[in-house]
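Thanks for making the time this morning. I would like to walk you through one model, going from helix packing to the core, the domains, the chains and finally a few backbone details.

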Amino acid sequence: MHTLAAQFSNWGTVVLMMIGLYVVVARGNLIKKLVGLSIFQTSVYLLYIGPGKVLGGTAAIISPNFTVYSNPLPHVLILTAIVVGVATLALGLALVIRINAAYGSIEEDEIIEQERDE
Amino acid sequence: MISQHLIILVVVIPLLASTLVALVRRPLFAWYMTLAVSLTEFVMAALLLQKTLVEKVISYPIGSWAPPLGIEYRVDALNAFVVMLIATIGAAIAIYAKRSVEREIAEENRSSYYALYLLCYTGLVGMAVTGDAFNIFVFMEIASLSSYVLIALGRNRRALYAAYQYLIIGTVGATFFVIGIGFLYLMTGTLNLADLAQRLPAVAGKAPVYVGLAFITVGLCLKLALFPLHLWLPNAYAFAPSVTTIFLAATATKVAIYLLLRFTFVVFGPSMAFHDLAFPAIWIALSVAGIFYGSVAAIFQDNVKRALAYSSVAQIGYITLGIGIATKTGLTGAVVHLFNHGIMKAALFMLLGSIALRAGAVMMSELPGLARRMPLTAIGIVIAGLSMVGVPGTVGFVSKWYLILASLEHGWWWLAALIVASSILSLIYMWRIIEAIYAKPEQNQQDKNGEPPLSMLAPSLVMVAACVYFGIDTRLPVSVAAIAAEMLLGAGR
């Protein structure tokens, strides 16, 4: 129990990662796949940011009152990753709109069936 | 003065041009801009390659923040060679693109198309020159996000679904990559590739390092379409606009292969990647499976573009096979084939694009009578096709020669035999195309189409000529590849 509590951010990362990847693989609905993809990417944010926090540490602004600082670099990296995630989701949804207009469906199996008939 | 900034200029110039093109929104301006940028890049890449051959390694601290804290761009013979490949293909495409894009992309989308093309260009060059692991991820996503749109603009509705599939698989691949980088950062506290290489031995043998290695390798293999992670590739190449297919087929997978080489040999080092884990066996097994699967699948395609897309899966197998053999000869073969396959596939897809200019989709049924209607295009397909098979006197032969030599050095005659056998398969799929062009009777006799315009024919034939030229005068690619191979093998020791 002790390790579970101490590692809660890592457990959160793993659980989100697996949920996300599972949804991407197992769901046939194109929007649900994107939701899964987004959850999968979110787990990475946690993977970077969680370990960056030093217990008892403060924000990395140098001051004589503090000696322990958290690592600010992961936040900066993940800020970029979040932008990438948002762009991916937006582009994915735009593609789904176009797919829906072209195929009249956003279900993977129905689209594949239509492609097979061509 | 300016030569010391070359390494950053190759990234910044297409990036700024892309923004400008997106803001001005005039198709003709967009094309002129693309042309100017591509030709400039070609010159800069040549200078950069020359410079790296003299100075070995060029390091450029971004904003003068000294590495490893600041972001570093770092170029040696290997990535200068990759940049050279991108710039060569890019220059040929820029000339070629005008007419092809006019035919295939709706007018209101044309300037965005060029803007995204330049953005994709930026991403690929950026991935090649940067020496910072997280920077690679950012450039990878720049290149990928723009390439999804470049594919989706294909005229067939299947392009949309192909782009969607690529988006899902590509994002999973890039996320795997960034997870791997995360593990390495946790273990070493650095993101600089050279610094990583120095700090990793201290933590070698710890589980998170291997987890990082696994995530990075699988992520990159998704991007480079190693069998069986190639599922996104055939449809994406087949239904994308011609210019997109040429560019992605010739460069995008190659940059991913470069990153794989960089991480396997320089960052982790051959001892960790190859001795602690069963890497060679996995590489060789998957590569050979990919070569045979891709070649056989290519034989049964009716869509010629799709057939060549499957052939790409097979050809990537040859490159990774060289990586798996991991001797100097093997790696030379891999790096040479990286360049050679880029040229061959660019030539073939350019010629197919010329057919598409007249016929729309390039199906097998369009080919009969091509020898009469478009004799130069037909000859070009034959020569580039023979190069794909590996006929002596073409670039395809050079790379296969090195791969066979490398397998014989190990005494693996069975592997050499497999390489020869796979060449027969590629002969079959290329022969089907050549036979359709020359031997099959024409169905409709109307004289609707002749050769494509010179702006498309000339760059295609230059690429075809390059297939022959570098097949006979092998000095440039082979010597650079040998230097790169030595550097890769020497780095870990």
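Where α3(B) meets α4(B), the residues on the α3(B) side are B:Asn79, B:Val82, B:Val83, B:Ile86, B:Gly90 and B:Val101, and those on the α4(B) side are B:Arg110, B:Tyr113, B:Tyr121, B:Leu124, B:Val125, B:Ala128 and B:Val129. Please keep in mind throughout that this is a predicted model. The axes of α3(B) and helix α4, residues 107–129 of chain B, are 10 Å apart, and the two helices pack at an angle of about 170°. Because angles over 145 degrees count as roughly antiparallel, α3(B) and α4(B) are described as roughly antiparallel to each other.

Let me stay for a moment with one residue of that contact, B:Val83 in α3(B). Leaving aside residues up to four places away in sequence, B:Val83 touches B:Val10, B:Ala45, B:Leu48, B:Val125, B:Ala128 and B:Val129. B:Val83 is also among the residues with the most contacts inside the largest nonpolar core, together with B:Val10, B:Phe81, B:Ala163 and B:Ala347, and that core has 227 residues. Which helix gives the most to this core? That is helix α6 of chain B, residues 158–188, which contributes 21 residues. Since domain 1 (1–276) and domain 2 (278–493) of chain B both give residues to this core, it lies between them. As general background, nonpolar side chains in soluble globular proteins tend to be buried together.

That brings me to the domains themselves. Chain B is divided into domain 1, covering 1–276, and domain 2, covering 278–493, and the centres of these two domains, taken over C-alpha atoms, are separated by 22 Å. Across the boundary, 41 residues of domain 1 of chain B are in contact with 47 residues of domain 2 of chain B. On the domain 1 side, at least two residues each are supplied by α3 (77–104), α9 (233–239), α10 (242–267) and α11 (270–276) of chain B, and α10(B) gives the most to that side, with 13 residues.

Helix α12 of chain B, residues 279–299, packs with helix α18 of chain B, residues 413–438, at an angle of about 20°, and their axes are 8 Å apart. As angles under 35 degrees count as roughly parallel, α12(B) is roughly parallel to α18(B). The crossing in which α12(B) passes α18(B) is left-handed. From α12(B), the residues that meet α18(B) include B:Val288, B:Ile291, B:Phe292 and B:Val296, while the α18(B) residues they face as a group include B:Leu418, B:Leu425, B:Ile428, B:Tyr429 and B:Arg432.

Turning to the two chains, 25 residues of chain A are in contact with 22 residues of chain B. On the chain A side, α3 (30–52), α4 (73–103) and α5 (108–117) each supply at least two residues, and the largest share, 13 residues, comes from α4(A).

I will finish with some local backbone details in chain B. Which peptide bonds are cis? One is the bond from B:Pro67 to B:Pro68, with omega near 5°, and B:Pro68 is found in the loop between β1 (58–61) and β2 (72–75) of chain B. Another is the bond from B:Phe227 to B:Pro228, with omega near 0°, and B:Pro228 is found in the loop between α8 (207–224) and α9 of chain B.

That loop between α8 and α9 of chain B also holds B:Ala225, a residue other than glycine whose phi is positive, near 65°. Is B:Ala225 buried or exposed? With 28 other C-beta atoms within 10 Å, B:Ala225 is buried, because the cut-off for that class is 20 or more. B:Arg25, which is not a glycine either, has a positive phi of about 55°, and its place is in the loop between α1 (6–24) and α2 (27–55) of chain B. B:Arg25 counts as partly exposed, with 13 C-beta neighbours inside 10 Å.

Lastly, B:Glu486 lies in helix α20 of chain B, residues 475–491, and B:Glu486 is partly exposed, with 14 other C-beta atoms within 10 Å. B:Glu486 and B:Thr332 are 154 residues apart in sequence, yet 8.5 Å apart in space, C-alpha to C-alpha.

Conventions
Residues are numbered from 1 along each chain as its sequence is written. Chains are lettered from A and ligands numbered from 1 in the order in which they are written. This is a predicted model: local features need pLDDT of at least 70, side-chain atom pairs count only at pLDDT 80 or more; totals for chains, interfaces and linings use all residues. A nonpolar core is a set of buried Ala, Val, Leu, Ile, Met, Phe, Trp, Tyr and Cys residues joined through C-beta atoms within 7 Å. A residue is buried if 20 or more other C-beta atoms lie within 10 Å of its own, exposed if 12 or fewer, and partly exposed in between; C-beta atoms are placed from the backbone. Helices (H or I, at least four residues) and strands (E, at least two) are DSSP runs, numbered from the N terminus. Domain bounds come from an automatic or database domain assignment. Two residues are in contact if their C-beta atoms, placed from the backbone, lie within 7 Å. Axes are lines fitted to C-alpha atoms, for helices over the stretch in contact, and angles run from 0 to 180 degrees between N-to-C directions. Angles under 35 degrees count as roughly parallel, over 145 as roughly antiparallel, 65 to 115 as roughly perpendicular and the rest as oblique. A crossing is left-handed if the near helix is turned anticlockwise from the far one by less than a right angle, and right-handed if clockwise.
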